[in-house]
Amino acid sequence: MQLRTIPQAGRFLGVLSLFTFSMFLNDAVLEPYGAAIFGMSVCATTSQNVLIALGFFAGLGLSGFWLIERAGNIRTARVGAVLAALALLLMLWAGSGQSIPLLRTAIGLFGLSLGVCMNACLTLMFSFVQPGRTGFLLGVWGAGYAYSCGLATISGGGLLTLLKAWNGGDLFAAYGGVFGLQMVCFLAAALMTRRLDVVGFRNTVKTRFDDVMEMAVD
């Protein structure tokens, strides 16, 4: 109930949860995708994690030192979501053409998009805090992130199994369904950011805080 009294808290929690769900939906299926569709070895599929990590740190640097400063947190989150959707589309394109170099490019781009999204979301977590409730709000944002991450990891593997059972074992179609849902979630999260207003939130919070301080002085 206390959360409802804080402006835009519900909106931001929804955006944060959807972004987190989108980022981790393919966490359990990306490595098996390389083995199932491209016939890659265990060593080759494991090396995909290196590409994601390199892209991730590049995305953190790009967003932290350039994008957020010039475009702001919300627009940076949108850029990350669009890049992620593009990377997932390239992964499917690589699978249809059996192109391992294109797959690796797409995975690196996906890691980059994760770094951009993660930095933007974490920065927004500290933007949507209210004096006197900072610990409470950061706890709520952290819980939303953690539960969304866990739900996404479970959902990705479960959805893949379900799609394989529905389509008679068509692996590419099953992976395409997971990646397709992930693209939709990323784009939906980008659209939801249109309802967020960091400046408006800060002005509202500042006004309320000033009123409280004035009453305390009186």
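Me: Which residues have the most contacts inside the largest nonpolar core?

Reply: Those residues are Tyr33, Met91 and Trp141, in a core of 64 residues. This is a predicted model, in which local features need pLDDT of at least 70 and side-chain atom pairs count only at pLDDT 80 or more, while totals for chains, interfaces and linings use all residues. Residues are numbered from 1 along each chain as its sequence is written, and side-chain values use heavy atoms, with hydrogens and water left out.

Me: What makes a set of residues a nonpolar core?

Reply: The members must be buried Ala, Val, Leu, Ile, Met, Phe, Trp, Tyr or Cys residues, joined through side-chain atoms within 4.5 Å. Here the largest such set has 64 residues. Helices α1, α2, α5, α6, α7, α8 and α9 each supply at least two residues of this core, and α6 gives the most, with 13. Helices are DSSP runs of H or I with at least four residues, numbered from the N terminus.

Me: Why is Tyr33 called buried?

Reply: Buried means under 20% relative accessible area, exposed means over 50%, and partly exposed is in between, with a 1.4 Å probe and protein chains only. Tyr33 has 0%, so the word is buried.

Me: Which residues is Tyr33 in contact with, leaving aside its neighbours within four places in sequence?

Reply: Contact means heavy atoms within 4.5 Å. On that basis Tyr33 is in contact with Phe38, Met91, Leu92, Gly95, Leu103, Phe172, Tyr175 and Phe179.

Me: Why is the pair of Tyr33 and Phe179 called edge-to-face?

Reply: Rings of Phe, Tyr and Trp (its six-membered ring) pair if their centres lie within 6.5 Å; planes under 30 degrees apart count as stacked, over 60 as edge-to-face, and the rest as tilted. The centres of these two rings are 5.0 Å apart and the planes are at 75°, so Tyr33 and Phe179 are an edge-to-face pair. Tyr33 lies in helix α2 and Phe179 in helix α8, so the pair ties together parts that are 146 residues apart in sequence. Phe179 is also buried, at 0%. Tyr33, Phe38, Tyr175 and Phe179 form one aromatic cluster.

Me: What makes Phe110 and Phe186 an edge-to-face pair?

Reply: The distance is 6.5 Å centre to centre and the angle between the planes is 85°. Phe110 is in helix α6 and Phe186 in helix α8, 76 residues apart. Phe110 has a relative accessible area of 1%, so Phe110 is buried; Phe186 has 0%, so Phe186 is buried.

Me: Is Phe65 buried or exposed?

Reply: Phe65 has 70% relative accessibility, so Phe65 counts as exposed. Phe65 lies in helix α4 (residues 48–71). Together with Leu62 and Trp66, Phe65 forms a nonpolar patch on the surface, with about 350 Å² of accessible area together.

Me: What makes residues a patch?

Reply: Patch residues have over 30% relative accessible area and no salt bridge; like charges are joined within 9 Å, and nonpolar side chains (Val, Leu, Ile, Met, Phe, Trp, Tyr) within 5 Å. A salt bridge is a side-chain nitrogen of Lys or Arg within 4 Å of a carboxyl oxygen of Asp or Glu. Accessible areas come from the Shrake-Rupley method with a 1.4 Å probe, and for residues only the protein chains shown count as cover.

Me: Why does Gln98 count as partly exposed?

Reply: Gln98 has 45% relative accessibility, so the label is partly exposed. Gln98 is found in the loop between α5 and α6.
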